[in-house]
Amino acid sequence: MGNILLLFLVLFPMLLSAWVFPLRRRDRRYRNWLIQIIPAVELAAALLLLLWPGAALELPGVFGFGLRLQAGSLGSLLALVSAFLWAATGLNCPSYFAAAEGCNRFYFFWLLTLGALMGVFLAADLFTLFVFFEMMSFTSYVWVVQNETEEARQAGQTYLAVAVIGGMALLAGLLLLQQLLGTLEFSAMAEAVSALPAEKRGSLYVAGGCALVGFGAKAGMFPLHIWLPKAHPVAPAPASALLSGILTKSGVFGVLILCRYLFWTELPWNTVVLALGVVTMVLGAVLALFSVDLKRTLACSSMSQIGFILVGTAMQGFLNGENALAAWGTVLHMLNHSLIKLVLFVAAGVVYLGTHSLNLNDIRGWGRNKPVLKVLFFVGAASIAGVPGFSGYVSKTLLHESIVEYIHVLEHAGAAAGWFTTVEWLFLLSGGLTAAYMTKLFVAIFVSSRAVGQRPALKDYMSPGTHAALSVGAALLLVLGLTPGLTMEPLAQWAGRFLRADPGHSIHYFAWVNLKGACISLAIGAAVYLLVVRGLLMRREADGMVYLDRWPARLDLENLVYRPLLSALTFVGALCARVAASVGDWLVLLGERILFTKAPGIFVPKRAENFGTYGRKPLRFLTEETFSFDLMLAGGGLIFLLLYMLL
């Protein structure tokens, strides 16, 4: 039964996705019922799968290598969370897209992505994960460009470029891993790595680095985060909730596999992941603080929270056998962030439908008289800020305590702990920045005195389905936050088996030693809000306080670094390809002249035109007609050259 459920979870939404088109032609209500029923059935199937924890399925010969699915602890939890998020956004979609065009296309790829994501989380080896990972990347691209605006097309180009480059890097890494280890199965990789000769450790790092690029690109890890702040503001709110809430976790899931099964206790690897996590955590929070766009702020916030998760991922390797705090914190923050972004992005969709804008200056005060939405948004904001009593506090406390624990380990061993003390304070600072930018959003929407437009009743601005999705998400955040010992710890212990976490011990979450870190972060957040946000990022005008966008536009990493770099590489590649092609032309011309001179009776053409471009006509070098082809040829050549050098 378990193996049937594995296949069902992957194929069921894919096979039924095409039904959105005929059902819409029959009646819009039928299609809306379909997109709500399918995720609900998936949720029920994911719950049933928990009864068969060791279920496995192998499909030999599929895509050459075969596909393998398995119900694991963390994978099953993420599959369950995915089904829940799809079910919740399915309740929100009909009202959000009530007046939109092209909904059938969106729903078709929305369901395809659900099946692909199930394949990612239920994969038993890296090849199966890669197949569904790439499928998910391409199907979710349609979400980004759904609105068909110029901004959406540009964001879609960035999203697709990062996905393709990351996918090729991931493929290169997996091919090298297969060659080195002889297997890509999670259960066998750790043993294969331990048997790897010392002289091949460098190749293992090359393979792991390529795979880290692929997974990190999807996770939104610095410096591959460039798609996140651009895709979320232009994508529909239900899509943003899923992109941020769960699709980024597919990348994190891959990073966890690399860290746990390939580079466990490898200090150089864990140091790199920790450094990337810290930069991602701090930079995302800073970008969110400066943003004046509601969904862009939430997108940069997602980048920062992914940084928190990566810090926990790295700390597991540093702590080795005493990794319970880091493993629990990592798993629980993945869960919390998914639920938090469901609430915040769906609420942002409600604001957008009411104001048709996401700029904080346009939506100021819109939610002043909307107590239900105000409370629901506050629950999400307080959770992500790490306020005690909300779920985010629990996972952030565990992550913070894992850093503190390793500092104690270093001090006890007489080793320098300065770097990790810095990491701890950057962790607390990022938590404070999170509190500051969420306060900025809450005050702008629900406290500001300048109201926008009319003040309708609840039924006029939020549909029952949206209300239900927000209420259930917020209720879970409250229940998990108030009962961590009864709810969150058992979940962490169960999912932590995938990470081979030690059993750990019960944590007194509301003891002062644990509350102290949250209080420091909240104090930093209050200071940043009062001094930086209200002092530097706002200005008083006739109609109230106005939010200022002071982030320099030139500090766009994509336009500042990546596009010029890719243009330069493309030009160099085209130049090299054209020179190489011209060498062949000149060799043919030289041979022709030798034949004319040494053996004129053997080969005497009637007309020079018979030789086409190899006659005595001047060669055409990098002309306008050939340049576009040269660009594609050179780009492909460079990619294969890099793959050849790596392999």
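Ser244 touches His232, Lys249, Ser302, His337, Lys341 and Phe345, leaving aside residues up to four places away in sequence. This is a predicted model, and in it Ser244 sits in helix 11, which runs over residues 237-261. Beyond that serine, here's a quick look at one helix pair and at the cysteines.

- Is Ser244 buried or exposed? With a relative accessible area of 0%, Ser244 is buried, because the cut-off for buried is under 20%.

**Helix 3 against helix 4**
- Helix 3 (residues 28-49) packs on helix 4 (residues 73-96) at about 160 degrees, and their axes are 8 Å apart.
- That angle is over 145 degrees, so the two helices count as roughly antiparallel.
- As for handedness, helix 3 passes helix 4 in a left-handed crossing.
- On the helix 3 side, the contact is made by Asn32, Ile35, Gln36, Pro39, Ala40, Glu42, Leu43, Ala46, Leu47 and Leu49.
- Helix 4 brings Ser76, Ala79, Leu80, Ala83, Phe84, Trp86, Ala87, Gly90, Leu91, Cys93 and Pro94 to the contact.
- What kinds of residues make up this contact between helix 3 and helix 4? They split into 16 nonpolar, four polar and one charged.

**Cysteines**
- How many disulfides turn up in a search of the whole structure? The search comes back with zero.
- Cys259 has 4% relative accessibility and therefore counts as buried.
- Cys300 counts as buried too, because its relative accessibility is 0%.

Technical notes
Residues are numbered from 1 along each chain as its sequence is written. This is a predicted model: local features need pLDDT of at least 70, side-chain atom pairs count only at pLDDT 80 or more; totals for chains, interfaces and linings use all residues. Side-chain values use heavy atoms; hydrogens and water are left out. A disulfide is a pair of cysteine sulfur atoms within 2.5 Å. Buried means under 20% relative accessible area, exposed over 50%, partly exposed in between (1.4 Å probe, protein chains only). Axes are lines fitted to C-alpha atoms, for helices over the stretch in contact, and angles run from 0 to 180 degrees between N-to-C directions. Helices (H or I, at least four residues) and strands (E, at least two) are DSSP runs, numbered from the N terminus. Angles under 35 degrees count as roughly parallel, over 145 as roughly antiparallel, 65 to 115 as roughly perpendicular and the rest as oblique. A crossing is left-handed if the near helix is turned anticlockwise from the far one by less than a right angle, and right-handed if clockwise. Contact means heavy atoms within 4.5 Å. Ala, Val, Leu, Ile, Met, Phe, Trp, Tyr, Cys and Pro count as nonpolar, Asp, Glu, Lys and Arg as charged, and the others, Gly among them, as polar.
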